Amino acid sequence: MSNIVALVGRPNVGKSTLFNRMLKKRQAIVDSVAGVTRDRHYGKSDWNGREFTVIDTGGYIEGSDDAFEGEIRKQVELAIEEATVILFVVDNQIGLTDMDKEVSRLLQKTDKPVLLVVNKVETNKNRLDAVEFYELGFERYYTISAMDGSGTGDLLDAAISHFSPEVHVDKFEGLPKFTIAGRPNAGKSTFTNALLGVDRNIVTDIAGTTRDSIETIYNKFGQEFVLIDTAGMRKKRNVEEDLEFYSVMRAVRAIEDSDVVLLMLDAQRGIESQDMKIFQLAQKNRKGLVILVNKWDLVEKDSYTMNEFEDQIKRKISPFTDIPILFISALTKQRIFKAVELAMRVYENRNRRIKTSELIDVMIPIINATPPPAVRGKYIKIKYATQLPTKTPQFAFFANFPQHVKEPYKRFIENQIRERFDFSGVPIQVHFRKK
Ligand code: GDP
Ligand code: GDP
């Protein structure tokens, strides 16, 4: 599971400015979870090769101090629970306030590293003003300008120095990792338990790094794999939106750590917006995907039902159609091993490497028969293609005028690849390059 850096502090100190500065330009995920009182954001970042997740715990409600106190307490408590490192941001232009002192007091409860960040320091003169923050009792502070970026390098150096030495769950290195995700009550834990109950070959049962996600190593079909169940994330909490936020966060991290996502739907509800969110996360992170329609035992069936269901799902996820959909019942154990088989197949597809000679033999005749449309009298010629040595399937086609190859043709090529080779459940990328 990845390291988490959480930004806390009173409103207007510059948390979201700092958040935006820390995010990777071409990051895989930027998302926000709308709350009743605020939006919260999380995103991916890296510094000196260490990847981490940044959480901006967001703005607060304007209103009474009482409401504010409650809000800030929750925010700090959650940051303490979830973060690897906490950045406590204060505002040098305004100076030390009572609210800062209150936040500071709340942060004293944790053993986790808390770095005091004095923001809005753009000049040396400003830097001297910052000394008043020593009153908060921190050994040192970091002066930065979130706006122009100065000081942020030293701050990030300090932040990552608190990360654990290994970023990833190396105990599972080399094993296929499957994450079961889906809305609460879809049947994720029933599914996990069903596999667990039937399968006598369990090697280990290790509680997750993250308290509430359960990682289990299975040994099945002579193949070992890790199953990550995010089901336990429904912990009782009084605040719905915090629950929602952190359950999404956990699912995000579990998905990032896995190879294949088993998206579990409830057959009685169909595909819903939360499911679409997981779907998009899997796509954005280029993970393999299998859709499991669970509780199939509860559906009154006639001969069309399955097709109708499939059509409904395919319409929702279009244009991604090459994704396996399986109807299961975790309760009666119907097709649960088939689900594992499918996940394995998608895992293999994701690692599939097509030999250059084979790719050329198959694809060049197709291209010759249906070349890209000529642009302003220029014929586009493609003579060579190869699969790139990337972690997930990517293909390069070499052309005289690659810039003139348009989206519809790329899609055509992708579909042709999918028809000839098995990449079902796996995102693939097609690039056109100058030969
Ligand atoms: P948040 O409520 O803590 O998320 O604060 P914001 O990031 O929204 O920033 C509040 C205000 O402070 C905005 O007007 C920002 O433009 C400004 N601000 C943020 N960082 C800096 C900084 O480093 N220097 C200066 N001068 N202004 C900043
Ligand atoms: P989770 O929140 O996704 O982990 O869902 P659970 O595994 O806790 O299941 C939620 C409820 O749905 C429980 O009452 C399960 O017994 C029930 N359930 C799960 N799978 C099935 C199924 O295939 N058929 C039926 N009828 N009920 C199921």
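Predicted model: local features only at pLDDT ≥ 70, side-chain atom pairs only at ≥ 80, totals over all residues.

Residues are numbered from 1 along each chain as its sequence is written, with chains lettered from A and ligands numbered from 1 in the order in which they are written.

**Whole chain.** I found 12 helices and 17 strands; these are DSSP runs (helices H or I, at least four residues; strands E, at least two), numbered from the N terminus. Of the 435 residues, 38% are buried. Buried here means 20 or more other C-beta atoms within 10 Å of the residue's own, exposed means 12 or fewer, and C-beta atoms are placed from the backbone.

**Helix α9.** I looked up residues 305–317 and got a reach of 19 Å from first C-alpha to last, close to the 18 Å expected at 1.5 Å a residue (1.5 Å times one less than the number of residues). Its buried residues are Phe309, Ile313 and Ile317. They cover an arc of only 60° around the axis, so they sit on the same side of α9; the arc is taken over directions from the helix axis to the C-beta atoms. On the other side I noted Asn307, Glu308, Asp311, Gln312 and Arg315 as exposed.

**Helix α3.** In residues 98–107, I found Asp100, Val103 and Ser104 buried. They fall within an arc of 100° seen down the axis, so they line one face. Asp98 and Arg105 are exposed on the other side.
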